[in-house]
Amino acid sequence: MAVFRGFKAYRPEKSKQSLIPALPYDVMSSDEAREAVKGNPYSFLHVDKAEIDLPEGTDLYDDIVYEKAKENLLSLENSGALVQDKAPCFYIYRQIMNGRGQTGIAGCASIDDYKNNVIKKHEYTLAKKEQDRIRHVDTCDANTGPIFLTYKKSDVVDSIVSEWISSHNPEYDFVSDGVEQTVWVVDDSETVNKISSAFERVQSMYIADGHHRCASAVKVGEKRREDNPDYSGQEEFNFFLAVAFPDDELKIMDYNRVVRDLNGLTADEFLKTVSEKFEIEKSVGQYRPKEKHTFGMYLENQWYSLRAREDIIDESDPVARLDVSILQNSLLDPILNIKNPKTNDRIDFIGGIRGLDELEKRVGSDMTVAFAMYPTTVEDLMSIADAGLIMPPKSTWFEPKLLSGLFIHHLS
């Protein structure tokens with residue numbers, strides 16, 4: 001039984017709907033953010049990447065960065081650029097990218113559901129990344145970026161959402177980075193209660209994207225509980241900002257790999273060794289995998305198709321049967337000597353949004369071989385999370401990204 005409730009969001013005043021929202025803090029560098037905000041003092045990057053308003057070279061983890069984020073957030077609120085709803089609402093959030101839509105509900109999830117594994121994880125988190133977001137959330141006294149959750153489709157939730165959309169005009173409707181962004185404010189208390197009740201019948205929710213932000217939000221909530229030992233459990237710090245999407249509307253894109261060298265092998269030696277574990281065929285032009293356990297490989301201006309041989313596939317193990325695991329365990333590790341892809345600087349990862357041209361470009365510059373992956377599925381993600389297991393690094397790439405600055409949840 002999942003807890004999901006409405007909240008009184010701070011959100012853009014309507015005339016600022018396309019000026020404030022911005023891509024998440026972790027998908028661009030400080031230099032890219034500085035460029036993106038030129039001429040736009042309202043961009044939420046001034047909050048989520050506040051170092052852009054400080055001298056270049058400022059330590060990203062200096063106290064002054066978190067204080068500047070708080071100052072910039074309060075400035076947006078006090079100026080009226082961000083306004084707060086008077087009563088708890090849910091927010092229907094639809095994104096359309098390249099003709100494909102996904103419609104979720106923005107609300108607040110429970111830190112206890114995270115701790116009790118009602119909200120399930122599939123990634124490890126890094127302490128340094130957690131600590132950064134803990135300080136950001138704690139200093140700003142707010143969740144500034146939503147966690148991307150998914151759940152097994154609910155006909156009841158779908159019906160409520162469809163009915164609201166068909167009978168109400170959207171509050172926001174704009175295009176950002178080529179993605180249509182539309183938001184409806186569900187401000188009727190009876191409908192808000194209906195949505196909460198519908199989620200009580202959802203058995204589990206799953207983190208699709210935002211493991212570090214989620215873990216950090218929970219730890220801030222725990223810290224507030226320690227500071228307020230008489231807490232009731234209903235205070236805002238017991239909840240964190242999330243957008244929940246039904247699983248049938250999500251699309252995971254491929255997360256591709258490029259490697260700097262062949263670990264001392266010639267191209268012919270490498271191909272011969274790879275052929276022991278994979279069936280290899282030359283491809284005319286680019287090769288994009290069309291099914292599980294197939295891979296594209298680009299080497300010396302030639303594309304190849306790879307198909308994993310049956311003896312290296314363990315369909316009984318939800319982690320081992322992932323294509324990212326097969327490639328890692330049967331090629332990257334034993335042949336290219338990449339034991340830990342998270343820490344090895346000879347490998348890099350390229351989101352499928354950049355296309356196969358980007359793989360060719362990298363091999364033409366600083367890399368030697370590229371691997372195009374078949375995307376991990378939402379079913380894979382859920383089965384691994386349900387089993388309490390962890391996905392290998394860089395297994396999933398979700399598009400489109402949820403914008404920050406559309407909804408801000410204050411903790412007090």
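## Cavities inside the model

The count here comes to three cavities of 30 Å³ or more. A cavity is a set of points, on a 1 Å grid over the protein atoms alone, where a 1.4 Å probe fits but cannot get out. Volume is the space filled by probe spheres set on the points, which are joined across faces, edges and corners. This is a predicted model, where local features need pLDDT of at least 70, side-chain atom pairs count only at pLDDT 80 or more, and totals for chains, interfaces and linings use all residues. Residues are numbered from 1 along each chain as its sequence is written, and side-chain values use heavy atoms, with hydrogens and water left out.

The largest cavity has a volume of about 100 Å³. Its lining (residues with an atom within 4 Å of a point) has 14 residues, and the closest to the centre are Val137, Asn143, Thr144, Gly145 and Arg213. Two or more lining residues come from each of α5 (127-140), α8 (211-227) and β12 (239-246); these are DSSP runs numbered from the N terminus, with helices being H or I of at least four residues and strands E of at least two. By class, the lining is seven nonpolar, four polar and three charged. Here Ala, Val, Leu, Ile, Met, Phe, Trp, Tyr, Cys and Pro count as nonpolar, Asp, Glu, Lys and Arg as charged, and the others, Gly among them, as polar.

The second largest cavity holds about 60 Å³. Lining it are Lys292, Arg321, Leu322, Asp323, Tyr374, Pro375, Thr376 and Asp380: three nonpolar, one polar and four charged.

## How α5 meets α8

Back to α5: its axis and that of α8 come within 8 Å and cross at roughly 55°. Axes are lines fitted to C-alpha atoms over the stretch in contact, and angles run from 0 to 180 degrees between N-to-C directions. The two helices are therefore oblique to each other, meaning not under 35 degrees (roughly parallel), over 145 (roughly antiparallel) or 65 to 115 (roughly perpendicular).

On the α5 side, the contact (heavy atoms within 4.5 Å) uses Lys129, Glu130, Arg133, Ile134, Val137 and Asp138. From α8 come His212, Arg213, Ala215, Ser216, Lys219, Val220, Lys223 and Arg224. That makes four nonpolar, two polar and eight charged residues.

## How α5 meets α3

Helix α3 (residues 63-78) packs with α5 at about 40°, axes 9 Å apart, so this pair is oblique too. Asp63, Tyr66, Glu67, Ala69, Lys70 and Leu73 of α3 touch Asp132, Arg135, His136, Thr139 and Cys140 of α5.

Definitions and conventions: On a 1 Å grid over the protein atoms alone, a cavity is a set of points where a 1.4 Å probe fits but cannot get out, and a pocket is an open set with protein on both sides within 12 Å along at least five of seven lines; lining residues have an atom within 4 Å of a point.
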